[in-house]
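Hi,

Here is the structure I said I would pass on.

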Amino acid sequence: MSYKAEYIWIDGTEPTALLRSKTKILADGAEPPVWGFDGSSTNQAEGHASDRVLRPVFTCPDPIRGGANVLVLAEVEETNGDPHVSNTRALLRPIAERYAEQDSWFGIEQEYTFFKGSRPLGFPEGGFPAPQGPYYCGVGADTVFGREIVELHLDRCLAAGLKVSGINAEVMPGQWEFQIGPAGPLEVADHLWIARWLLYRTAEEVGVEATLDAKPARGDWNGAGAHTNFSTRAMREGYDAIITACEALGEGDKPAEHIAQYGAGIEGRLTGAHETAPWNKYSYGVSDRGASVRIPWQVEVDKKGYIEDRRPNANIDPYVVTRLLVNTCCSALEKAGQV
Ligand code: ADP
Ligand code: MN
Ligand code: MN
Ligand code: MN
């Protein structure tokens, strides 16, 4: 019996890349091979030299088609084997390798918003729902919208073997979150991209759009983030390393360098209101949801654990954000001899 391999890759759309996928039928027992696609249709090539290469890097069971069918995440390469400029995974690989000794873990909280037509799911026609308050972790048909999609998506993530760690309804109607992790930088990012694909695909079945837009509704409504929880072995063992990481993120050009790569439209979300710190002012604090970086209260009690970078937008590229955090924090920890 042959089986279906759904090849999934990240395209070259600016400023925020889109996911693409197509199906290859493979003979029973055959491994998913290197494949190709038309890069001129994905902002990854010119029409006169349009072939781009898909190199499988992560395969998991396809929870939608079931059986022996698989999902295949692929890196995009030029025909000469070089990584394509849109291939940010290739930039993460050497950094992850360089600091592998420090054993970085990530937990990414992916917020997102369902839309039906031009409105967030749960927004009434030609108006607004009651103000924020009852929706976060709410229950009931007047409070949460789209739960059947969310539950099916969670089941599919689990069936695919992804390291999903939880879900919750968010502060704005139609807004939800799932978390991936803890896992290493490449693994958390690979799993997050597949989980996003499953989300779009699951919502598509009922004619609903899932968006990672960082500010999907104007006015007094929370934006959508991707809080990134981070630790190294030294941080999981002691508090000095926690402080070193928080300080390193605030040093010199680091805040600006990170903010510039934490997702399109970040200034519109990190306003200083709605549980955010202003995008142009770095801060960290214990239990502080108005800081750029939060040290969870339990971490201060235990004097070890992890930190939460609250700045990343929902629309981040997790290969970029994990690379920046490993680079900034692990180099500082190495310099401080805290490894
Ligand atoms: P919040 O309280 O901010 O809503 P969540 O529970 O949504 O936090 O997400 C926290 C994430 O942090 C989870 O994905 C969890 O697996 C992850 N996490 C827990 N411990 C660590 C750690 N030591 N290092 C990195 N991530 C961690
Ligand atoms: Mn959360
Ligand atoms: Mn959240
Ligand atoms: Mn959080």
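To start with the chain as a whole: 53% of its 339 residues count as buried. Please keep in mind that this is a predicted model. The fold is made up of nine helices and 14 strands. A compact globule with 339 residues would have a radius of gyration near 20 Å, and the chain agrees with that, at 20 Å. Along the principal axes, the C-alpha trace spans about 55 × 55 × 40 Å. If you count contacts between residues at least 6 apart in sequence, 65% of them join residues at least 24 apart. The accessible surface is about 14,900 Å², and carbon and sulfur atoms account for 51% of that.

Now for the metals. The manganese ion (ligand 3) is held by the OE atoms of Glu 111, Glu 170 and Glu 177, at 2.1 to 2.2 Å. Along the sequence, these donors follow the spacing E-x58-E-x6-E. Glu 111 belongs to strand S6 (residues 105-116) and Glu 177 to strand S9 (residues 175-183), so this pair ties together parts that are 66 residues apart in sequence.

The manganese ion (ligand 2) is coordinated by OE atoms of Glu 109 and Glu 177, at 2.2 to 2.3 Å. Here too the pair links distant parts of the chain, with Glu 109 in strand S6 and Glu 177 in strand S9, 68 residues apart. Which residue do the two ions share? Glu 177 coordinates both, and the manganese ions themselves are 3.8 Å apart.

Are these glutamates buried or exposed? Glu 111 and Glu 177 are both buried. For Glu 177 the relative accessible area is 3%. Glu 109 has 14% relative accessibility, and since buried means under 20%, Glu 109 counts as buried as well.

Next, the aromatic rings. Searching the whole structure turns up eight aromatic pairs. One of them is Phe 123 with Trp 221, a tilted pair with 5.1 Å from centre to centre and 50° between the planes. Phe 123 sits in the loop between strand S7 (119-120) and helix H2 (147-159), while Trp 221 sits in the loop between strand S10 (209-211) and strand S11 (228-231), so the pair ties together parts that are 98 residues apart in sequence. Both of these residues, Phe 123 and Trp 221, are buried.

Trp 221 also pairs with Phe 128: the ring centres are 6.4 Å apart and the planes are at 20°, so this pair is stacked. Phe 128 is in the loop between S7 and H2 and Trp 221 in the loop between S10 and S11, so here the parts tied together are 93 residues apart in sequence. As for cover, Phe 128 is exposed, with a relative accessible area of 57%, whereas Trp 221 is buried, at 6%.

Elsewhere, ring pairs join Tyr 112, Phe 114 and Phe 178 into a cluster.

Finally, two places where a charge sits over a ring. Arg 236 has its charged end over the ring of Trp 105, 3.6 Å from the ring centre. Lys 303 has its charged end over the ring of Tyr 239, 4.8 Å from the centre.

After that, go to Trp 221 and its tilted partner Phe 123.

Cheers

Key. Residues numbered from 1 in each chain as written. Chains lettered and ligands numbered in written order. Predicted model: local features only at pLDDT ≥ 70, side-chain atom pairs only at ≥ 80, totals over all residues. Heavy atoms only, no water. Donors = N, O, S within 2.8 Å, 3.2 Å for Na, K, Ca; no water. Helix = DSSP H or I, 4+ residues; strand = E, 2+ residues; numbered from the N terminus. Buried < 20%, exposed > 50% of the residue type's maximum accessible area, 1.4 Å probe, protein only. Phe/Tyr/Trp six-rings, centres within 6.5 Å; stacked < 30°, edge-to-face > 60°. Lys NZ or Arg CZ within 6 Å of the ring centre and 35° of its normal. Rg over C-alpha atoms; globule rule 2.2 N^0.38 Å. Contact = heavy atoms within 4.5 Å. Areas by Shrake-Rupley, 256 points an atom, 1.4 Å probe, with all protein chains shown as cover.
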